[in-house]
Each structure stands twice: as structure tokens, then as C-alpha cells.
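This report describes one protein model for a reader who has not seen it before. Please look over the sequence and the structure before reading on.

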Amino acid sequence: MGNKGIFSYKGNYKNLKVYKYLVIIYDITFKFKDRFLNIGDRTQDQMEQSARSGKQNLAEGSIAGQFSSHSELLLTNVSRASLQELLEDYEDYLRARNLKQWKVDDSRTSQTRKIVQDKINNFNEEETPKYFLEIAKTRTDETLANIALTMIHMADKMLVGLLKKQEMDFLTEGGTKERMYKARLQSRNNPNGQKPNLNRPNKTNTQNTPTNSNTQNNTNSPTSQNTSQKPNRPNTPNPSNTPNPSNTQNPSNRQNPSNTQNSQNTQNPSDSNNTSDSPSHS
């Protein structure tokens, strides 16, 4: 996509050299149909509309090309087709009235081509149209029609070159939908142009992390046993867990307070069989 982004902001159709040709062709045609065609003749309206369509469709295609390569190519070709229709009208006019059409190698054709190129290369939005309008007011119908035909051929050649360029742009950069899809993928993979947050857990990768796989595969290792199981410790009496003498089930195992005082130095024979139940020996 280069640096153009999703949309190729063109739209400067007035800077196109071919557009300047089309402006002059329209002005000449407008004067020609008023001077040499009868009022009410359908050819008047058709020639004016063809000249207008050639200019307007090029402008519309340039703007539409910002968002649709298909529309740009289509409308540029419509512009070229409209010029071909206008060319046919001028040729019909000369042939029907037995007027001469200049050949490609005619000296007048070469001279006209040279003057037109010079004026277009030094185009001025006010002066250049005025120059050709003055010519359209003074030249004969045969001369003016041949000047228009010469300019139409020149503009057609430029339109062909423009269509080839637009085609190449489409092949190298793709259409708008393709650029939008690529841009969306890039935005999803790297939002806002920032690096991925490494502290954020990845749900898709947490199950396959090396730590989890090692803990699952090494459950039988000594290290895992030591970490997962507590070591055996000697049973030491816990004072908080010693039974309350008042809650013992066998009343006969209760010690007589009088005996406890006398048994500091001697042991009661009757209690020798029950030493295993004594809390002090547990």
C-alpha cells in the first residue's frame, strides 16, 4: 500500500493535462453548435452533451477513484467514449457538407498541434480559454471543426495513457476493499502501532506453556512429589487437640483426684493396663 493508506486521495483532476484539453474542446464545441447548427437541430444538444460528458466524467472518475478503482476506470473510459461520439459528430458534419477533413500529415494539423501543446503547457485558467474562444468566433466551420478534431485525437491519446496508469495502479496497489482488508489485519495484529503487552495473559497459549507441561509430565518425579506432598513428620501432641477428660467415653478411665496426689511417686496397678489410653502417652 505504500504511504497512500487505505484511500488514495487524488481528486486534483484540474491538474491533469487531459482535463485542460477537455475544457477547451467543450468551449470550442459550444461556440461551434451555436454558430453553424440550426436551432432545434438535435445535433446541437448531442454535441454539447458529448463534450460536457467527456469533461465531467473525467472529473467524477478522479473523485470516485479515491474510494473505488472500479469507478475510476469506468468513468475515465466513459469520458473517452463521449469524446469518440463527439468526434463522429464533427466528421459527419464535414462529410455531409462536402468539407475537407485534414489528414494527420497535413501541415495545418501539425501547426494546430504545436500551438495547442504550447498553450496547454502554459495553461492559464483565464487567458487560455479566452484565446481559443476568440478563434472559435472567427474561424470558418471547416477550420474550427478540424481544430476540434485535432484536439480530440490528442486528448484521446492522453486518456488511453491515463487508463493504462490506472490499470497499473490497481494491479500494484489493489482495490479499496483489498487495502481496507489489509489495513484491518494490521490494525488487529498491532493496534495503534504499539508493541504487544507481554504482561497480558494469552488465553490461547496458557495451556501450552512449558511450565504447565512440565508440571503435568513430571508428577511422578521426586521433585514433584516433594512439592506436592508434605513430608511425614513425627506425631507430636497438640495441646489444643488433647481431649477433655470430661468428654471421655469410659468413666472408669477418669483419674481420681485423690489418687493423682498419691501417685506422684507410685503408680496405681489398676491403671497399668490402660496406659495406652492416657493422653500423656499418645
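Two residues are said to touch, or to be in contact, when heavy atoms lie within 4.5 Å.

## Basis of the report

This is a predicted model, in which local features need pLDDT of at least 70 and side-chain atom pairs count only at pLDDT 80 or more, while totals for chains, interfaces and linings use all residues. Residues are numbered from 1 along each chain as its sequence is written, and side-chain values use heavy atoms, with hydrogens and water left out.

## The chain as a whole

The protein chain has 10 helices and 0 strands. Helices (H or I, at least four residues) and strands (E, at least two) are DSSP runs, numbered from the N terminus. Read from the N terminus on, the order of elements is α-α-α-α-α-α-α-α-α-α.

Of the 282 residues in the protein chain, 29% are buried. Here buried means under 20% relative accessible area, exposed means over 50%, and partly exposed covers the range in between (1.4 Å probe, protein chains only). The accessible surface of the chain comes to about 20200 Å², and 47% of it belongs to carbon and sulfur atoms. These areas come from the Shrake-Rupley method with a 1.4 Å probe; for residues, only the protein chains shown count as cover. Among contacts in the chain with a separation of 6 or more, 75% are between residues 24 or more positions apart.

Two packed helices are described by the angle between their axes and the distance between the axes. Axes are lines fitted to C-alpha atoms, for helices over the stretch in contact, and angles run from 0 to 180 degrees between N-to-C directions.

Helix 4 (residues 107–121) and helix 5 (residues 127–138) pack with axes 9 Å apart, at an angle of about 155°. Helix 4 is therefore roughly antiparallel to helix 5 (angles under 35 degrees count as roughly parallel, over 145 as roughly antiparallel, 65 to 115 as roughly perpendicular and the rest as oblique). Ile115, Val116 and Lys119 of helix 4 make the contact with Thr128, Tyr131 and Phe132 of helix 5. By class, this contact of helix 4 with helix 5 has 4 nonpolar, 1 polar and 1 charged residues. Ala, Val, Leu, Ile, Met, Phe, Trp, Tyr, Cys and Pro count as nonpolar, Asp, Glu, Lys and Arg as charged, and the others, Gly among them, as polar.

## Helix 1 against helix 4

Helix 4 also packs with helix 1 (residues 17–36): their axes come within 10 Å and cross at roughly 115°. On the helix 1 side the contact is made by Lys17, Lys20, Tyr21 and Ile24, and on the helix 4 side by Val116, Gln117, Ile120 and Asn121. By class, the contact of helix 1 with helix 4 has 4 nonpolar, 2 polar and 2 charged residues.

## Single residues

Alanine 136 is in helix 5 and counts as buried, at 0% relative accessibility. Not counting residues up to four places away in sequence, alanine 136 touches Ile28, Lys31, Arg35 and Leu144. Arginine 35 and alanine 136 are 101 residues apart in sequence, and 9.2 Å apart in space, C-alpha to C-alpha.

Serine 79, in helix 3, is buried with a relative accessible area of 0%. Leaving aside neighbours within four places in sequence, serine 79 is in contact with Leu22, Ser53, Gly54, Asn57, Leu58 and Leu159. Asparagine 98 lies in the loop between helix 3 (69–96) and helix 4 and counts as exposed, at 72% relative accessibility. Phi of asparagine 98 is near 60°, a positive value in a residue other than glycine.
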